[in-house]
Amino acid sequence: MPINKKLAVIAGFAGVVALSIAASMPQQQQQQWPKYENLKVLPKKISHEELGKIMGMWSASLGVHCNFCHVHNDQTNKMDFPSDAKPEKETARHMFVMASKINKKFFNAQKDSLGMVIESSINCYTCHRGSAHPEVKVPERQRGPGGPPPGTPPPPPPAPPGQ
């Protein structure tokens, strides 16, 4: 059975094209991690989605937006996320480390392959409750059910009104 020369040339040409396209395509690699600058407490190998989830949780817990911790670069008209110009960013880092230590020490928190706490018992919202600066309440001093300790003089009576 004779082979058609035109068909053989076209098939050969198509094979060369297919091989060159396959060779020029990037090989599928393991996870490609974005390269973020100036990550000090978050894992270096963190996905864009995971970083966004964490920042969203912190933002919602404090009732703030990105510009609370990050500065805006007027030249590029974009947020300068790597900058440490705002002290709130360093405070957030300290608070994250503090919460991580509390969870590990007192709640036996486990971490995932990236080093992030899988389930935490406390987080930003525990204290902040949607406020950038959580309210500090000092409990009123109350006497126990049995009254003052024996031998303690009674408190002075309240002064009459107007004096």
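User: What is the average pLDDT of the chain?
Analyst: This is a predicted model, and the chain averages a pLDDT of 82, with 75% of the residues scoring at least 70.

User: Which elements have the lowest and the highest mean pLDDT?
Analyst: Helix H1 (residues 5–24) has the lowest, at 65, and strand S1 (residues 71–73) has the highest, at 96.

User: Turning to aromatics, how many aromatic pairs does the structure hold?
Analyst: It holds one. Trp58 and Phe96 form that pair, which is tilted, with 5.5 Å centre to centre and 55 degrees between the planes.

User: And where are Trp58 and Phe96 in the chain?
Analyst: Trp58 lies in helix H2 (residues 48–62) and Phe96 in helix H3 (residues 87–107), so the pair links distant parts of the chain, 38 residues apart.

User: Trp58 and Phe96: buried or exposed?
Analyst: Both Trp58 and Phe96 are buried.

User: Which other residues of H2 are buried?
Analyst: Besides Trp58, Leu51, Ile54, Ser61 and Leu62 are buried in H2.

User: What do the buried residues of H2 pack against?
Analyst: They pack against H3 and helix H4 (124–128).

User: Which residues are exposed on the other side of H2?
Analyst: His48, Glu49, Lys53 and Ala60 are exposed there.

User: How does the span of H2 compare with what its 15 residues should give?
Analyst: At 1.5 Å a residue, H2 should span 21 Å, and its end C-alpha atoms are 21 Å apart, which agrees.

Note on methods:
Residues numbered from 1 in each chain as written. Predicted model: local features only at pLDDT ≥ 70, side-chain atom pairs only at ≥ 80, totals over all residues. Heavy atoms only, no water. Phe/Tyr/Trp six-rings, centres within 6.5 Å; stacked < 30°, edge-to-face > 60°. Helix = DSSP H or I, 4+ residues; strand = E, 2+ residues; numbered from the N terminus. Buried < 20%, exposed > 50% of the residue type's maximum accessible area, 1.4 Å probe, protein only. pLDDT = per-residue confidence, 0-100. Expected span 1.5 Å × (residues − 1). Contact = heavy atoms within 4.5 Å.
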